[in-house]
Amino acid sequence: MKALLKRKNKANKQPKTFFQRVKSWVVFCIKWFFILSIASVIFFRFVPVPFTPLMVSRAIDNVLAGEKIVWSHDWVPLSEISPNLQLAVIASEDNLFLSHNGFDFKAIEKAIETNKKGKRIVGGSTISQQTAKNVFLWQGRSFIRKGFEVYFTALIEIFWSKERIMEVYLNSIEMGNGVYGAQAAAKHWYGKPASKLTKYEAAGIAAILPNPRKFKASNSSSYINRRKDKIVRLMGYVGPLKY
């Protein structure tokens with residue numbers, strides 16, 4: 001009897017309309033986006049990030065231009081990256097990194113006001129936001145990408161420690177033309193491992209981060225040398241690291 005009723009119910013069911021099918025497909029995609037995004041964030045909480053979308057994009061650009069692929073990337077644990085470099089990037093990029101929850105709203109407001117003047121584009125992204133963008137997202141400026149950046153920043157702040165965020169950040173960001181991460185940068189610019197960087201050398205790497213393909217951390221221009229001096233001074237205000 002139950003089997004007969006089931007067959008009758010199936011027969012009486014109306015086929016889904018186009019909009020119902022679209023709605024089901026959208027709900028399915030959203031559900032799996034959340035599942036996969038959260039799973040990937042948890043996965044990279046423990047596993048080194050082998051490459052980032054930017055690394056792939058740069059390599060494709062090299063191929064399309066008929067040039068040799070330039071890609072130097074050596075993952076090392078945070079314990080093998082000099083505290084000087086950690087202090088330098090906090091001093092130059094995000095002085096509230098150790099205390100905020102992923103976003104520096106005052107810096108964002110300041111960047112918006114500066115950008116309204118139209119002189120130059122200024123970012124207000126924290127180290128957490130830059131990490132989320134580099135590891136999980138494509139490059140570019142759009143409201144859609146910014147929305148995803150906010151989402152992934154919240155996720156890594158929930159599932160990762162500050163130490164892990166700093167570790168991934170310093171192992172993933174571009175620090176020269178085809179140079180990614182602290183270890184590769186230290187060897188490229190100074191011929192030494194990241195663990196041996198002095199304050200001034202660390203400041204040199206931090207100083208070029210706004211445009212690492214244009215500026216040089218060693219044999220630098222007067223502009224970068226002034227930035228180095230400023231970063232070294234600011235490092236003193238950041239104080240010893242307390243994650």
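Modeller: An axis here is a line fitted to C-alpha atoms, for helices over the stretch in contact, and angles between N-to-C directions run from 0 to 180 degrees. Helices (H or I, at least four residues) and strands (E, at least two) are DSSP runs numbered from the N terminus. The model is predicted, so that local features need pLDDT of at least 70 and side-chain atom pairs count only at pLDDT 80 or more, whereas totals for chains, interfaces and linings use all residues. Residues are numbered from 1 along each chain as its sequence is written, and side-chain values use heavy atoms, leaving out hydrogens and water.

Helix H2 (residues 18-43) and helix H7 (residues 143-159) cross at roughly 50 degrees, their axes coming within 10 Å. H2 and H7 are therefore oblique to each other (under 35 degrees is roughly parallel, over 145 roughly antiparallel, 65 to 115 roughly perpendicular, and the rest oblique). Their crossing is right-handed, the near helix being turned clockwise from the far one by less than a right angle, with anticlockwise giving left-handed. From H2, the contact (heavy atoms within 4.5 Å) takes in Phe 33, Phe 34, Ser 37, Ile 38, Val 41 and Ile 42, and from H7 Phe 148, Tyr 151, Phe 152, Leu 155, Ile 156 and Phe 159. These residues comprise 11 nonpolar, one polar and no charged (Ala, Val, Leu, Ile, Met, Phe, Trp, Tyr, Cys and Pro count as nonpolar, Asp, Glu, Lys and Arg as charged, and the others, Gly among them, as polar).

In an unreviewed entry, UniProt lists residues 25-47 as "transmembrane region"; such annotations may be inferred rather than shown by experiment. In the model this span is 83% helix and 0% strand, with its end C-alpha atoms 32 Å apart.

Helix H6 (residues 127-136) packs on helix H8 (residues 162-172) at about 55 degrees, with the axes 9 Å apart. That angle makes H6 oblique to H8, and the crossing is left-handed. H6 contributes Ile 127, Ser 128, Gln 130, Thr 131 and Val 135, which meet Lys 162, Ile 165, Met 166, Val 168, Tyr 169 and Ser 172 of H8. This contact has six nonpolar, four polar and one charged residues.

Helix H4 (residues 83-93) and helix H10 (residues 199-207) have axes that come within 8 Å and cross at roughly 45 degrees. H4 and H10 are therefore oblique to each other, in a right-handed crossing. Asn 84, Leu 85, Ala 88, Val 89, Ser 92 and Glu 93 of H4 make the contact with Lys 199, Ala 202, Ala 203, Ile 205 and Ala 206 of H10. By class there are seven nonpolar, two polar and two charged residues.
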